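Here is a short briefing on helix packing and strand pairing. Look over the structure first, then work through the points.

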Amino acid sequence: MHGLGGRMATRTVAGDEQQLVFDHAAQFFTASDERFQKLVDQWIDKGFVREWTGLIGELEVGGHFRTIHSSTPRYIGVNGMRPLADEILPESDLIEVVRPCWISKLEPFNGLWRLFENEKPRGQYDAIVIAHNGKCASHLLSTSGLPLLTRQMKRLNLSSVWALLAAFQDPLPVPQNYSYGTFEGAFVRDVDSLSWMANNSQKLFPLQTGRPECWTFFSTAAYGKRNKVPQENIPKVTAEKIKEDMLRGVELALGLSRGSLQQPFYTRVQLWGAALPMNTPGVPCIFDPLGRAGICGDWLTGSSIEAAVLSGMSLANHVADYFASSGEQPEEFAIGLHENLNPVEGHDIGQFPGLDSQKPEVAEAHLTPSI
């Protein structure tokens, strides 16, 4: 309803003088595959993407910060992550996006697939692709007559992560590295309610001064699991508890005394109830040639924007090859229908191939008020 991109989500809030902008899902991405790098280079040329050169690292309890150096560039959407998805769409006239639309039923009919939205017909198609996961996708597949796809989807386990968006009038007292300045993003260690924190204002608008600081905070997956509620209807008491717990986590991470963190003038909590994959079959896509149905998504090889893009490209090519074969020997085009799923390794907010190619800098930053 609001925009494309799924977990490439950006929230914009009207402020008194300036808009408050938060990337509240995917924070940045890297490229390790030449196919994806070629696409990223095109996005850069078109002004959709730029390299994020701000300081990031690891933050331990007490304000101990270590810089992560890596030869792998980090990329962000120029105006946030969701606008990147919105800007890609007009690049092709081969695609028609219908929204808001929620497909509630798939029905095979005379060699085609009929789609319905609450019993309203939404067209007939030669093949279908499930580019979604979680309970909704499993429910959709359960009545589709596609047992092999349904079984693979049901094997998927997803984490839950809380996001806290908070805007502060004054800069937070983040650790100062005298060689590189103050950090813009940090993976937080040993704080139960916090796994990541990032300054959207510095990340997205590095040349603008005088803006309020808009921070995105993410909980750990363990905290998200223990405090999971229906994400469509979060009780107010739960939202308040999550906000307090996470702001307390910020104090612990920065080494501040309890209650000393300045109060944000804007906050919003959101639960990503089906946040990131915890297991994967390790195949780029899944396709059932007898049902002419496939699955793509980051979870098939990991949990990154690169994994999502490569999965979509792989399935598109696979389906094209299948139809080019005129359906002869369809069993040769079956992929991913029987693989077991194995645990995914990475950060609680996803994978960033190449980012950890070098160890964090040994010299620590010190906690001083940022200017």
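Helix α1 (residues 34-45) packs with helix α8 (residues 305-324) at an angle of about 105°, and their axes lie 10 Å apart. This is a predicted model: local features need pLDDT of at least 70, side-chain atom pairs count only at pLDDT 80 or more, and totals for chains, interfaces and linings use all residues. Residues are numbered from 1 along each chain as its sequence is written, and side-chain values use heavy atoms, with hydrogens and water left out.

**Helices α1 and α8**

- The angle makes α1 and α8 roughly perpendicular to each other (65 to 115 degrees; under 35 is roughly parallel, over 145 roughly antiparallel, the rest oblique).
- Axes are lines fitted to C-alpha atoms, for helices over the stretch in contact, and angles run from 0 to 180 degrees between N-to-C directions.
- From α1, the contact (heavy atoms within 4.5 Å) uses Arg 35, Phe 36, Leu 39 and Trp 43.
- From α8, Ile 305, Glu 306, Val 309, Leu 310, Met 313 and Ser 314 take part.
- Seven of these contact residues are nonpolar, one is polar and two are charged.
- Here Ala, Val, Leu, Ile, Met, Phe, Trp, Tyr, Cys and Pro count as nonpolar, Asp, Glu, Lys and Arg as charged, and the others, Gly among them, as polar.

**Helices α3 and α4**

- Helix α3 (residues 135-142) and helix α4 (residues 147-155) meet at an angle of about 160°, with axes 9 Å apart.
- α3 and α4 are therefore roughly antiparallel to each other.
- Ala 137, Ser 138, Leu 141 and Ser 142 of α3 touch Leu 149, Thr 150, Met 153 and Lys 154 of α4.
- The contact of α3 with α4 holds four nonpolar residues, three polar and one charged.

**Strands β1 and β2**

- Strand β1 (residues 10-13) pairs with β2 in the antiparallel sense over four bridges (pairing takes at least two DSSP bridges).
- Six residues separate β1 and β2 in their hairpin.
- Thr 12 stands opposite Val 21 in β2.
- Strand β2 (residues 20-23) is covered on both faces. Leu 20 and Phe 22 on one side, and Val 21 and Asp 23 on the other, are all buried (under 20% relative accessible area; exposed is over 50%, partly exposed in between; 1.4 Å probe, protein chains only).

**Strands β7 and β8**

- Strand β7 (residues 105-109) and strand β8 (residues 112-117) pair in the antiparallel sense over five bridges.
- Phe 109 faces Leu 112 in β8.
- Two residues lie between β7 and β8 in this hairpin. Asn 110 in the turn has a positive phi of about 50°.
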